[in-house]
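Open the model in your viewer and keep the selection tool at hand. The tour goes chain by chain, then across the contact.

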Amino acid sequence: MRMGNTRERWVAAVSAVALGVAAFAGCGDTGGEKSGGGGGGAGASGEFKRPITMVVPFGPGVGSDQAARLSAPVIEKEIGQQIPVVNVPGATGNTGMTKMLQGPPEQSLAIMPADTLATVVAGTSSFQLDEVAPVCRISNAPSSLWVNTKGKYKDWDALGKAAKENPGEVAVATVGKGGIDDIALGSLEQQGFKFRAVPFAEGSERKGAVLSGDTEAIFEQAGDVKENVDAGQFKPALLFADKKQEGLEGDYTLASELGVEEFLDQWRGIFANSELAPEQLKTLSDACSKVEQDPKFDEFRKKALELEGGFMDSEEFGKFVKDEQTKIKDLGAKYGVFK
Amino acid sequence: MDAITGMVQAVASGGFVFFGLILLGVFVGMLVGVLPGLTFVIGVLLILPFTYAMEASQALVLMIAVYVAGTYGGVLTSILLNIPGEPNDVPLTKDGYTMSRQGRAAEALGWAALAALVGGIVGWIALVFVSQPFAALALQFGSAEYFAIILLGLTGVLALSESSTAKSFISLFAGMLVATVGIDDIYGAVRYDFGTDLLRDGINYLAILVGVYALTESLTRFGERFGGKVAQQPGEVRTTLPGLSAIRSRAGSFVRGTSTGALISAGPGVGSTVGAFVAYGVEKQFGRHKLELGTGSPSGIIAPQAASTANVSGALIHLLVLGIPGSGASAVLLGVFQLNNISPGPQIFGQQPELISAIFAGLLLSVLAMFVMGILAARPLIRMLALPEVYITAFVVLFAYMGAFALRQSISDVWIMTAFGLLGVFMVRGGYPLAPLVLGAILGPLGERYFNTTMIRTGGDWTVFFTRPLSAVLLAITAATFALLAYRTVKENRRDRALLEQRIAAG
């Protein structure tokens with residue numbers, strides 16, 4: 001008797017769950033994937049008939065998120081459609097990019113940084129470059145090595161000297177293995193400065209590592225360590241560029257002075273699905289050109305110490321991404337980052 | 001003094017919304033406390049999707065209000081009806097319900113309300129004054145120390161589990177194994193995805209939490225046809241606060257309960273339930289009124305209740321200072337931080353002073369609101385028991401699915417949540433505890449990450465764990481706990497075998 005009872009209960013329970021899931025799957029369908037298919041005819045005129053979702057493949061509040069939330073209203077005004085911003089973090093931007101590609105092409109955009117492109121080159125990405133169409137580049141900034149103001153090495157001279165004397169012993173906190181960070185450190189190794197890259201997944205852990213003395217330096221853009229610099233905790237030691245950065249104070253060294261010739265900047269761009277009609281891509285690209293003149297965006301750019309003239313239109317950005325891909329691949333191979 | 005100014009500012013800038021959220025949170029917390037089958041962990045989980053549109057400080061204040069009030073709401077049903085609304089109410093049911101039957105229900109409710117208030121406020125004082133100096137110290141912790149803390153936490157989960165050690169072990173390892181699925185943090189390697197996108201993104205621990213707490217509990221109750229806990233209505237619901245002289249004679253119970261709760265929560269992986277049980281045990285061993293415990297003694301209510309509520313502050317200190325959640329509820333809070341892209345840890349005190357002030361102020365106001373509402377709203381809350389459980393469970397299932405989907409707007413999480421909900425049912429039936437599974441899934445990846453970082457930093461030199469003093473001390477404590485655990489298991493097994501042999505001998 002007990003057996004029968006139990007089985008009955010189980011059938012009921014499992015079917016209740018199945019019903020719930022089915023109801024859910026149903027909702028998802030009507031709301032998302034299928035509804036976009038019908039609107040194809042509008043593409044040729046370059047107009048948009050429905051709101052476009054902009055995916056930020058990182059959590060709220062980070063640079064990419066701020067950039068997306070500031071550019072969306074500007075593009076909204078130009079194209080006459082709403083652009084809601086959603087955060088889909090995970091796997092250095094790959095989760096969000098996959099999410100964008102799953103949506104209908106004319107209702108989907110995403111913002112993507114150089115770090116995510118590096119995962120494509122490394123072969124660890126969940127999408128390929130020909131699946132996405134570059135719309136525009138909206139920002140660009142060089143990276144630096146920062147040291148703890150109370151740490152063992154207070155400037156590049158001390159840090160570089162230590163790295164030369166004890167190759168591979170001086171630790172630098174980085175984002176993850178095989179990224180832009182490793183390539184930059186590879187370029188230093190070429191010049192005789194061999195550091196040990198210690199990857200930390202979370203920004204706060206990376207910074208914490210420098211504060212606790214777990215690592216001697218950290219690889220970041222100025223915008224991401226601004227709070228620590230303002231609090232007097234970090235100072236720049238080495239800038240990966242061939243000229244001083246506007247707004248970045250301190251007696252830092254330029255990597256070009258050490259003989260490093262090629263740099264990978266941290267840029268951010270807006271990408272669409274490559275199936276989007278070319279006319280619509282043009283509309284978006286034109287609308288995006290207004291972003292850099294927007295006073296609010298300009299204020300953000302200055303605060304985050306991004307370089308001026310970061311904007312590129314669809315065509316220019318497309319070429320840039322291709323070149324950047326080759327560059328990451330070549331430099332990665334040269335410095336032994338991608339094997 | 002800065003702390004106080006900051007809190008006043010946080011309240012002032014939050015305005016009515018701030019108070020509104022606290023009242024809402026306290027009400028929800030009390031409600032889930034009263035309703036059997038709904039624990040406060042489920043409460044904070046179910047409210048999570050509604051916080052996505054809020055600012056981080058608002059979301060956290062709301063969740064903390066639910067969390068604190070959830071440690072108290074269950075008191076009402078425990079004392080009046082002998083139905084522990086929450087696991088942490090079990091120890092106080094004995095004396096509470098006995099007092100009720102002696103016609104002293106109002107008095108019992110008064111002692112419980114006062115104990116929750118005292119535990120909450122003392123815990124709050126500890127949070128405000130201990131967390132910052134602790135954070136300053138924690139800034140010096142490197143990845144080796146963090147690894148040792150996690151390892152101690154994992155051992156603590158096992159040591160304090162009420163189920164058999166072997167089953168806790170299996171549950172813990174299952175959680176740790178599950179958490180390795182997806183792309184690893186450091187090398188970007190894809191693990192155990194079996195070629196599916198669903199698993200490639202990894203398994204979000206919040207999806208596991210929703211599954212094994214909300215869905216499993218609903219299914220289990222459904223399987224029991226919501227039987228067992230008869231929801232009769234008590235005749236009279238009144239609260240009488242004790243007089244000053246009575247309080248003075250019970251002062252020791254307040255002190256023991258609060259300090260036990262606060263101290264025990266300093267160990268990672270220790271929730272309110274353990275705090276309440278240990279506090280009751282301490283009271284029984286060392287209390288002035290130890291002999292009257294179990295026969296309707298106020299001390300049997302005061303100690304566990306004060307410990308349960310004080311425990312919230314301990315869990316918050318842990319979460320804020322180290323960024324490591326110690327319990328199911330604080331794991332959900334960690335999720336709120338992460339969804340807002342804030343990483344709790346020693347730096348948070350310098351970088352997000354407003355947020356910290358809002359949390360401090362929110363906790364204090366929640367404790368006060370809980371006290372007032374506990375006295376005034378006891379009657380309507382008890383009325384809610386007349387609501388058939390089947391409706392409540394239906395809502396829980398609905399919210400569980402909404403919550404899982406809302407995590408990343410991904411249907412994958414819905415499937416994962418469902419899978420863990422079903423797994424949870426089988427685990428409960430097999431007598432496997434769920435808490436180690438969840439904490440393994442949360443702490444496992446952190447431990448792995450800190451271990452890897454330490455190894456990369458030192459170039460593979462593992463002696464660093466023993467040469468750094470703090471790490472060495474923590475590992476020694478871990479080893480001692482582990483030895484105790486092994487001893488206990490062997491003893492248990494021997495006793496079981498002896499029993500079995502006796503039974504066989506007896507035919």
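What percentage of the residues in chain A is buried? Buried residues make up 55% of the 339 residues in chain A. Here buried means under 20% relative accessible area, exposed over 50%, and partly exposed in between (1.4 Å probe, protein chains only).

Before going on, two notes. This is a predicted model, in which local features need pLDDT of at least 70, side-chain atom pairs count only at pLDDT 80 or more, and totals for chains, interfaces and linings use all residues. Residues are numbered from 1 along each chain as its sequence is written, chains are lettered from A and ligands numbered from 1 in the order in which they are written, and side-chain values use heavy atoms, with hydrogens and water left out.

**Stop 1: chain A**

Colour chain A by secondary structure. Helices (H or I, at least four residues) and strands (E, at least two) are DSSP runs, numbered from the N terminus.

Select A:Asp65 and A:Arg69. They form a salt bridge, with the closest N and O atoms 2.9 Å apart. The rule asks for a side-chain nitrogen of Lys or Arg within 4 Å of a carboxyl oxygen of Asp or Glu. Both residues lie in helix α2 (residues 63-79), 4 residues apart, about one turn of the helix. A:Asp65 is buried at 4% relative accessible area. A:Arg69 is partly exposed at 38%.

Now go to A:Glu275. Look in the loop between β11 (266-273) and α9 (278-288). A:Glu275 counts as exposed because its relative accessibility is 65%.

**Stop 2: chain B**

Switch to chain B. Its secondary structure comes to 22 helices and 2 strands. The C-alpha trace spans about 75 × 65 × 45 Å along its principal axes. Of its 507 residues, 58% count as buried.

Select B:Phe50, B:Phe395, B:Leu398 and B:Met402. Together they make a nonpolar surface patch of about 380 Å². Patches are made of residues with over 30% relative accessible area and no salt bridge; like charges are joined within 9 Å, nonpolar side chains (Val, Leu, Ile, Met, Phe, Trp, Tyr) within 5 Å. B:Leu398 sits in helix α18 (residues 389-408). At 44% relative accessibility, B:Leu398 is partly exposed.

Next, pick B:Arg191 and B:Glu448. Their salt bridge has its closest N and O atoms 2.8 Å apart. B:Arg191 lies in strand β2 (residues 190-191) and B:Glu448 in helix α20 (residues 435-458), so the pair ties together parts 257 residues apart in sequence.

Then take B:Glu145 and B:Arg468. Their side chains meet in a salt bridge (2.8 Å, N to O). B:Glu145 is in helix α6 (residues 143-159) and B:Arg468 in the loop between α21 (464-467) and α22 (469-506), so this pair ties together parts 323 residues apart in sequence. B:Glu145 is buried at 4% relative accessibility, whereas B:Arg468 is partly exposed at 27%.

**Stop 3: the contact between the chains**

Show both chains. The contact (heavy atoms within 4.5 Å) takes 44 residues from chain A and 43 residues from chain B. Across the interface the rule finds 3 salt bridges. One to select is A:Glu205 with B:Arg449, whose closest N and O atoms are 2.2 Å apart.

Key
Areas by Shrake-Rupley, 256 points an atom, 1.4 Å probe, with all protein chains shown as cover.
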